[in-house]
Amino acid sequence: MQLPWLATACDTLRRARAGGRFPAALLIHEQSGSGGAWLALYAARTALCRAAGAPCGQCDDCRRVAADTHPDLLRVGPTEESKQIRVEQVRELCAELALTSHGAGATVAIIDPAEAMNANAANALLKTLEEPRPGATLVLVTAAPSRLPATVRSRCQRLSAPAPARAACLAWLEEEGGKRDWEAVLDLIGNAPLEALRVDVEALAKLRADSARALDEVARGTLDIPGACERWVKGGDYELRLACLENWLTVRLDRAARAAGQNPQMRGTAHLPSGRSPLNMKTLVRALDQLYQLRQLGSTSINKALALEQLLWELAPRVVPGSRRAGSGS
Ligand SMILES: [Zn+2]
């Protein structure tokens, strides 16, 4: 598989290898879904391949890296239960990296995602970073470099794995995955081509339609909000549901903005022109803001269903005698 948007990064690695200055520590900063893991493996092939113009893609080393069976390629990720990379894993990795390689030359260790290391685990890397064995390369992959200690970051050579532009992303997806509604997929998950390729496009379209239907019902005041939130959280696609919600809010904000622009009377209040829809810009913006907060709290132990419920109540009409929509925050 070729990832054209990473061509510059690949070129940097090849030139470093050819010039005999392949880094001892590499920090790959990826945009989520842009191919950080792929670039880490490319770095491994570049370091381990012994052909001139490495990586050749043909030799035993290159093939074994591709098959994930190379004895001098070590990989560490979060454990199933803790979702963290533990200090013992890092110590073990560093001990192995300090030994001479099975083959004639290099050893590569990949830690992905590096931000899954807890503080102790990250600190356990320092000795290896300070006194690397010649030929050993440590590769850290992360979408959030700021979550790594500065002492670790400063000892690594930084390599960026940027996301492609939307058009390039769509062209690549069509080539790799055939003609599908990739535009709709990217609307939900962002310009994350590798993630898009793993998505079940039909299931995602269904999820999006189902979420939109539910949110329309919220706005009409006909949805069982607590029940729906419970289902969304337990369904295993919470993040995607939030993306659907963001989409739904953005579309309405856009509509509200256009309506306000077209109707001079709307400019003062920025209310939607339709009397049937009680959602105004303020409510929509507030809901978007809450959504971003909810995302940031996603990995903590907050009660997701309850937080989501609060957000959806914001979008529901509040009928008070004598007022069509009271408490909308004037
Ligand atoms: Zn090779």
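A residue is taken as buried when its relative accessible area is under 20%, as exposed when that area is over 50%, and as partly exposed in between. In the predicted model described here, threonine 137 has a relative accessibility of 3% and therefore counts as buried. Threonine 137 belongs to strand β4, which spans residues 136–142. A polar atom of the threonine 137 side chain lies 2.9 Å from the backbone oxygen of proline 23. When neighbours within four places in sequence are left aside, the contacts of threonine 137 comprise Phe22, Pro23, Ala24, Leu97, Thr107, Val108 and Ala109.

The metal site was examined next. The zinc ion is coordinated by the SG atoms of Cys49, Cys56, Cys59 and Cys62, at 2.3 to 2.4 Å. Angles among the four donor atoms run from 103 to 117 degrees, and the site of the zinc ion is tetrahedral. Along the chain, the donors of the zinc ion follow the spacing C-x6-C-x2-C-x2-C.

With regard to cysteine pairing, the structure holds zero disulfides. Cysteine 94 is accordingly in no disulfide, and the nearest cysteine sulfur, which belongs to cysteine 156, is 11 Å away. A disulfide is assigned here to a pair of cysteine sulfur atoms within 2.5 Å. The relative accessible area of cysteine 94 is 11%, and this residue is therefore buried.

Conventions:
Residues numbered from 1 in each chain as written. Predicted model: local features only at pLDDT ≥ 70, side-chain atom pairs only at ≥ 80, totals over all residues. Heavy atoms only, no water. Helix = DSSP H or I, 4+ residues; strand = E, 2+ residues; numbered from the N terminus. Buried < 20%, exposed > 50% of the residue type's maximum accessible area, 1.4 Å probe, protein only. Polar contact = N/O pair within 3.5 Å; in protein donor to acceptor, adjacent residues only side chain to side chain. Contact = heavy atoms within 4.5 Å. Donors = N, O, S within 2.8 Å, 3.2 Å for Na, K, Ca; no water. Tetrahedral: all angles 85-135°; square planar, octahedral: opposite > 155°, others 65-115°.
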